[in-house]
Amino acid sequence: MSPIILQLSLDDLKNKTINVSPKATDGRFRLVNCKAFRDPPGELQVEEFSFDDMPKIRYAAISYPWKGVGVGTRPVLPTFNVKDAEDGDPISIDVVRSACIAAIQGGAEYIWLDRLCILQAKARKTDKQAQIEHMHEVYSCCELCIVIPGGLERYVSLDEETPWILRSWTLQEVLSPKTRKVKVLIEWKLGSCMFPREGAVREVDEKRTATIALWKLLDDTSEGSMEFVKKGTPYSPDDNPRNLATCFIRPNIFHHGSSHARALVAAMATGTPQDFKDNAIWQCSQLRTSSRPVDMVLSIMGMFGVTLTTKYEPHERLRATIDLAKEILKKGRSASWLGASFRLPPCKYISTFSLFPETQVKGGALIKTPSGSQDISNFVGGENLSAETITALGCLTPSAASNVFTAGIKYLLNLAERIPRWDEAAISEAELLPRGSMDDEGYLEIEVRSHPVRPKKSKTNFLHAVDRTWWEAFGSTDQDDHEFYHFAIFLGVYKKYHEREGYNSFPAPGDRNFGKFMIVERHDAKLQRFHTVTFGVNGDMLALGKLEWKKRKFRIGGPEPLPKEGEMVEHQVVDYEPELASTMQMDFSELQDLSWRLKGRPQKEVEEYFEIHPEADKFPHDGLVKCILNEGKNKLKRRSS
């Protein structure tokens with residue numbers, strides 16, 4: 001029998017500030033009993049366990065932003081607060097109750113909520129450190145994860161943008177569960193519904209709340225609209241799902257069409273290479289923010305199988321990043337951060353990474369520019385490592401093709417070879433990015449395919465860099481490598497990832513696939529050290545096949561020495577405007593779905609329509625929607641009078 005360290009009736013909980021610490025023991029695993037909270041008269045029970053018991057307990061872990069959307073003009077529901085955590089939103093008793101019901105529906109008996117399960121007092125730092133070290137385990141062992149995107153003060157609908165996808169710790173919270181059993185708890189008045197393709201909206205509280213699979217909601221957020229079928233609508237799997245759809249809703253809850261949503265869809269994807277997932281994790285991390293810069297590292301270390309036990313100061317993101325990168329490479333995983341946010345300049349201290357954005361308590365991560373701070377999403381697109389990297393690696397060889405025709409034949413032969421060989425098992429083991437090692441100064445040692453280049457003042461056909469510079473390739477590479485100062489390093493082929501198509505889909509007409517390159521410069525001839533100058537792109541893989549791509553060893557880092565321990569690092573300024581055209585333009589898949597993407601309506605509008613017309617099978621997706629709603633509202637007023 002686990003000890004109960006806090007027991008309080010819900011009536012006594014209202015508008016109180018409670019203290020979990022007095023009977024708690026440092027370094028223990030705590031959970032809230034769902035049945036006790038749900039069943040009348042209801043009480044808050046916090047129980048304590050050993051961390052060793054974690055895999056045996058059926059619990060749901062809660063993911064939410066510390067500072068949510070607030071209540072605005074809505075009626076204030078009964079709330080409570082936790083001592084030493086008053087800087088977070090008040091906790092709605094009703095929201096916790098719905099989370100407990102959703103957990104029970106998912107087969108869990110408890111919920112893990114950090115405000116109640118981590119000792120918040122400054123005097124209990126030992127407990128907080130132990131909890132951080134176990135954080136990945138807390139979420140990887142849970143029966144399911146429940147996302148409350150608007151914060152703990154109230155529910156939100158799909159119409160409202162929330163800060164959840166901007167926060168650093170929420171990334172680990174949804175990527176750690178071993179399956180994709182991650183549900184989003186939302187305000188919802190349309191009852192239980194089915195998705196034509198896969199999944200369902202499951203009602204939690206009748207006509208009030210429901211849960212939706214996170215991966216489904218993210219996919220619909222990035223693709224344009226969410227289609228669903230009302231419960232009880234007959235349909236066959238052979239039917240066109242979109243013709244059956246009751247309605248299309250435009251979800252804004254995770255920032256509609258944003259880089260944030262697209263990057264997280266890729267990070268959650270199944271049947272993809274580890275390098276693909278790891279690269280997407282770095283991209284997600286770069287897009288997020290936290291009150292403590294070092295949390296941007298600590299919040300993702302578990303996803304790489306790493307635990308950093310060193311105690312860092314809040315500002316020591318740079319040192320923690322090097323430590324994490326060293327441990328990742330020691331485990332045999334790739335330098336998956338390469339080019340993850342390639343439209344930003346390199347970090348001047350560890351130049352295989354892009355510069356680090358400015359983090360903050362509320363809002364998104366910021367990039368300094370001469371005209372003022374800009375949101376990082378203006379610089380980080382939603383492109384991901386494509387399966388075409390496998391084909392391209394077979395084409396970029398030490399022996400150059402004699403002409404474009406020969407390069408084209410080489411490309412097609414490598415593409416054809418991929419068809420029978422690259423099943424799901426082979427893809428999951430594919431190595432798309434280089435392995436290597438990193439020293440204490442942050443220099444990455446790797447062996448990669450590269451070609452010597454030189455800067456040009458005028459436009460060239462080889463590489464257009466993100467800092468608006470142009471680079472041309474040397475036609476002959478007969479000289480010794482020491483005679484060249486700049487090299488272009490191939491980082492893979494990138495494109496938009498679409499969950500519906502899967503990873504190993506073949507390129508379609510109009511797809512914006514492009515090769516990504518890192519341009520490095522030798523700055524220390526004695527130690528053979530290089531630093532990254534910029535990143536560039538090229539969409540003409542046939543032209544690249546005409547060059548000699550030899551494998552060379554590089555030591556890349558710096559160029560500036562690391563700051564002294566405890567020294568604050570000034571944020572770099574980006575002196576050029578972002579260029580997202582290569583990935584923000586619609587690709588073939590998006591153009592095919594354009595008519596459906598444009599049909600999405602606000603959730604509130606759909607709910608109002610079906611309240612007025614409960615017998616309707618479908619929502620009228622046309623220009624008369626507002627007229628129909630107004631007419632219906634007038635009818636209801638006449639009936640009530």
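Student: What pLDDT does the chain average?
Tutor: This is a predicted model. The chain averages a pLDDT of 83, and 83% of the residues score at least 70.

Student: Where does pLDDT stay under 50?
Tutor: Over residues 418–422. The model has 13 contacts beyond four places in sequence for that stretch. Where pLDDT is low, the predicted coordinates should not be read in detail.

Student: Why is E48 called buried?
Tutor: Buried means under 20% relative accessible area. E48 has 4% relative accessibility, so E48 counts as buried. E48 sits in strand β4, residues 43–49.

Student: What does E48 touch, leaving out residues up to four places away in sequence?
Tutor: S2, P3, I5, A24, T25, R28, F29 and R30.

Student: What makes the pair E48 and R30 a polar contact?
Tutor: A polar contact needs N or O atoms within 3.5 Å, one able to donate a hydrogen and the other to accept it. The side chains of E48 and R30 are joined at 3.0 Å. The E48 side chain also reaches the backbone nitrogen of T25, at 2.8 Å.

Student: How do you know that the span of helix α11 agrees with its 13 residues?
Tutor: Residues 274–286 should span 18 Å at 1.5 Å a residue. The end C-alpha atoms are 18 Å apart, so the two agree.

Student: Why is α11 called mostly covered?
Tutor: Of its 13 residues, 11 are buried. Among them are F276, I281 and W282.

Student: Which elements do the buried residues of α11 pack against?
Tutor: The helices are α7 (169–175), α10 (259–268), α12 (295–298) and α13 (317–330). The strands are β18 (383–385) and β23 (486–496).

Note on methods: Residues are numbered from 1 along each chain as its sequence is written. This is a predicted model: local features need pLDDT of at least 70, side-chain atom pairs count only at pLDDT 80 or more; totals for chains, interfaces and linings use all residues. Side-chain values use heavy atoms; hydrogens and water are left out. Helices (H or I, at least four residues) and strands (E, at least two) are DSSP runs, numbered from the N terminus. The expected span of a helix is 1.5 Å times one less than its number of residues. Buried means under 20% relative accessible area, exposed over 50%, partly exposed in between (1.4 Å probe, protein chains only). Contact means heavy atoms within 4.5 Å. pLDDT is the predictor's confidence in each residue, from 0 to 100.
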